[in-house]
Amino acid sequence: MINADFHTHSSFSTDSEAEPESMIQQAIALGLKTYCFTDHMDYVFPEGEEFLFDPKEYFETLTALRRKYRGQIDIRIGVELGLRDEPDIRDEAQRLCKDLTDNNPFDFVIGSTHVIAHFDPYNREYWKDRSAEDIVRMYFESVLYSVCHYDCFHVYGHLDYILRYLPEGVTVDITKFEPLIDQILTELIARGKGIEVNTSRLARGSVMNPSPKILARYRELGGTILTIGSDAHRPDRIAGAFAEAEAILKELGFKEYTVFRKGKPSFRRL
Ligand SMILES: [Zn+2]
Ligand SMILES: [Zn+2]
């Protein structure tokens, strides 16, 4: 049984209203052994939106909760960092990310691409003037840049995230991007970094991110570091579809998944 959720949000994230303690209580009720908070930090986010928290307050709050629930569940303190590659802001983004992770004792850091060429693909407007294929290519190129230029993360989040936001009725031939995805996976493995299995969409009747096909390729290329996360933004989403994800991973030949403490990976049997 997967007993660790390594991608979760709380009210420290702009897009969640869940009290951190309510998340912990639900994680305990579900029988999880380990629970990692990974609230959003997306520096220089476009359109005046803010996905930032105060690290001092974050650590104070979560460290107190970790102490309070010791013996019931092992709380880890992580972050989901938005990584950026736009030439005009990437130096600043890299500096801010490095400062954050150098100066705060995170157990775990997810690197994610949420913004491409200064736009949030969540916003439907941006899909109107570009072909879906161009956007998907830009996304994977941005991921490759971040993998090669940021050293502040442990696993890459929801690797094929962009496919979540394809406009209705639009399909993209993902096989066209296989060489690019191979390059991303190879660079991650060479740098001692991993990927996550994000079950958020699987829990809603869709697929997991990345797809089993990408996960199979990751394993084939020698990838071993694999964390599991629900991306829950409220208590009832914690550990969503973990049993299904476990069955898929076993079928693909994975025998272990990864947890992090103080930036160091360890492995648990699936
Ligand atoms: Zn994310
Ligand atoms: Zn997330």
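Ser-131 sits in the loop between strand S4 (108-112) and helix H4. Helices (H or I, at least four residues) and strands (E, at least two) are DSSP runs, numbered from the N terminus. The model is predicted: local features need pLDDT of at least 70, side-chain atom pairs count only at pLDDT 80 or more, and totals for chains, interfaces and linings use all residues. Residues are numbered from 1 along each chain as its sequence is written, while chains are lettered from A and ligands numbered from 1 in the order in which they are written.

Ser-131 is exposed, with 11 other C-beta atoms within 10 Å. A residue is buried if 20 or more other C-beta atoms lie within 10 Å of its own, exposed if 12 or fewer, and partly exposed in between; C-beta atoms are placed from the backbone.

**Helix packing.** The axes of H4 (residues 132-149) and H5 (residues 178-190) come within 10 Å and cross at roughly 15 degrees. Axes are lines fitted to C-alpha atoms, for helices over the stretch in contact, and angles run from 0 to 180 degrees between N-to-C directions. H4 and H5 are therefore roughly parallel, a term for angles under 35 degrees. The contact involves Phe-140, Glu-141, Val-143, Leu-144, Val-147 and Cys-148 of H4, and Leu-180, Ile-181, Gln-183, Ile-184, Glu-187 and Leu-188 of H5. Two residues are in contact if their C-beta atoms, placed from the backbone, lie within 7 Å.

**Core.** The largest nonpolar core has 70 residues, and Leu-81, Ile-228 and Ala-245 have the most contacts inside it. Such a core is a set of buried Ala, Val, Leu, Ile, Met, Phe, Trp, Tyr and Cys residues joined through C-beta atoms within 7 Å. H4 gives the most to this core, with six residues. Beyond its neighbours within four places in sequence, Leu-81 touches residues including Met-41, Cys-97, Val-109 and Phe-153.

Most residues other than glycine have a negative phi, and most peptide bonds are trans. The exceptions below concern loops.

| Site | Backbone value | Loop |
|---|---|---|
| Asn-209 to Pro-210 | cis, omega near -5 degrees | Pro-210: S6 (194-198) to H6 (212-220) |
| Ala-239 | phi about 60 degrees | S7 to H7 |

Asp-231 counts as buried, with 24 C-beta neighbours inside 10 Å. Ala-239 is buried too, with 25 other C-beta atoms within 10 Å.

Conventions. Angles under 35 degrees count as roughly parallel, over 145 as roughly antiparallel, 65 to 115 as roughly perpendicular and the rest as oblique.
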